Amino acid sequence: MKLADIYRLAVEKGIESDVRGREEIERLLAQARKDYEKLEEKDREFFDEDSLWNPFADTRILNGNGEEEVNTVMCGVDIETPEMLLADRLRERGEKIDLVIAHHPEGKAQAALHQVMELQADLLYRAGIPINVAEGILGPRIAEVERLIAPVNHQRAVDAARLMGIPFMCVHTAADNLVNRFLQDYLDNAGLRTVGDVVEALENIPEYREARKLKAGPRVFAGDKKKRAGRILVDMTGGTSGSEQAYEKMAAAGIGTVVCMHMQEKHRKNAKDHHINVIVAGHMASDSLGLNLFLDEIEKAGVKIIPASGLIRVRRIEN
């Protein structure tokens, strides 16, 4: 496969599983086109033209022109300069690595992470919270994240890839959409009664079972395993943690249990105060599941996958 084909496949798979639905995404892309056409010529050089067809600002080619032929990929949850050096070292030892794929965004994709958080409003809307309320409580959190990531050295890993001549891309929200859809469908159809039942159901998924062996499996952060789960909301997409104010609205909307990748303490406290059970499924395991659902697609095309940096590789395709 060419690098550009892998990139476009990641975006397409992310769109297929997006909580907003294809129609809403097409509307957003059309708006991006209108915004671009309104720009003065002097401002167009600063416009990210990928946003005209890719709704995920945190999924990008970071080094490479897209024409590179890819037969072997090293993929990890976090790719920084040490992982780039590892890829280069493996190449010196004879492993032909044509591309490194990160999950967590780097470079301009990291700098734009806050832009993908808007989809969290649609996630809350699907849970039963009015869209005006969802957007209202999310707005200040998006602005906070934008401020937090502004001073970060975004280009460090990208520069390492450039200096070593290694094509580099990241697949973040596109992959998180896959795990979010997979788990929501899985748990909705599992006939689960208690919080403990939800934990056991997660542990039947290979990535979470392996993570438990590594002391990083699913665990209850708020509530009790004996309590009834009620309606389950999987919250694993949208860039990073949303607003802690969301839990009061979730409780009013009838959500009983939230299943997420990770949770800040202030979010846990608010969930507990509003009697919402919280299961933290595990960060690396959840990111691995989302990546695996995508990596299977490129492996079917004949691309070899070398897992690294926290990726628990599980194949769901036949040889």
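Reader: How many of the residues count as buried, as a percentage?
Author: Of the 319 residues of the chain, 52% count as buried, where buried means under 20% relative accessible area, exposed means over 50% and partly exposed lies in between, with a 1.4 Å probe and protein chains only. This is a predicted model, in which local features need pLDDT of at least 70 and side-chain atom pairs count only at pLDDT 80 or more, while totals for chains, interfaces and linings use all residues. Residues are numbered from 1 along each chain as its sequence is written, and side-chain values use heavy atoms, with hydrogens and water left out.

Reader: What is the radius of gyration, and what would a compact globule have?
Author: The chain has a radius of gyration of 20 Å, which agrees with the value near 20 Å for a compact globule of 319 residues; the radius is taken over C-alpha atoms, and the globule rule is 2.2 Å times the number of residues to the power 0.38. Along the principal axes, the C-alpha atoms fill a box of roughly 55 × 50 × 35 Å.

Reader: And how many helices and strands are there?
Author: The chain has 14 helices and nine strands, which are DSSP runs numbered from the N terminus, with helices being H or I of at least four residues and strands E of at least two.

Reader: Which strands pair with strand 8, and in what sense?
Author: Strand 5 (residues 219-222) pairs with strand 8 in the antiparallel sense over three bridges, and strand 7 (residues 255-260) pairs with strand 8 in the parallel sense over four bridges; two strands pair if DSSP finds at least two bridges between them.

Reader: Where do the side chains of strand 8 go, buried or exposed?
Author: In strand 8 (residues 277-280), Asn 277 and Ile 279 point one way and Val 278 and Val 280 the other way, and all are buried.

Reader: Switching to helix 10, why is it described as largely enclosed?
Author: Seven of the nine residues of helix 10 (residues 195-203) are buried, so the helix is largely enclosed by the rest of the structure. Among the buried residues are Val 195, Gly 196 and Glu 203, and the cover over the buried residues includes helix 9 (173-188), helix 11 (206-213) and strands 5, 6, 7 and 8.

Reader: What about loops, say where Ser 17 sits and what it touches?
Author: Ser 17 lies in the loop between helix 1 (3-16) and helix 2 (21-38), and with a relative accessible area of 11% Ser 17 is buried. Leaving aside residues up to four places away in sequence, Ser 17 touches Asn 177, Leu 178 and Arg 181, a contact meaning heavy atoms within 4.5 Å.

Reader: And Glu 244, what does that one touch?
Author: Glu 244, found in the loop between strand 6 and helix 12 (246-253), touches Lys 266, His 267 and Asn 270, again not counting residues up to four places away in sequence. Its relative accessible area is 25%, so Glu 244 is partly exposed.

Reader: Last one: which way does phi go at His 275, positive or negative?
Author: Phi of His 275 is near 60°, a positive value in a residue other than glycine. His 275 has its place in the loop between helix 13 (265-273) and strand 8, and at 71% relative accessibility His 275 counts as exposed.
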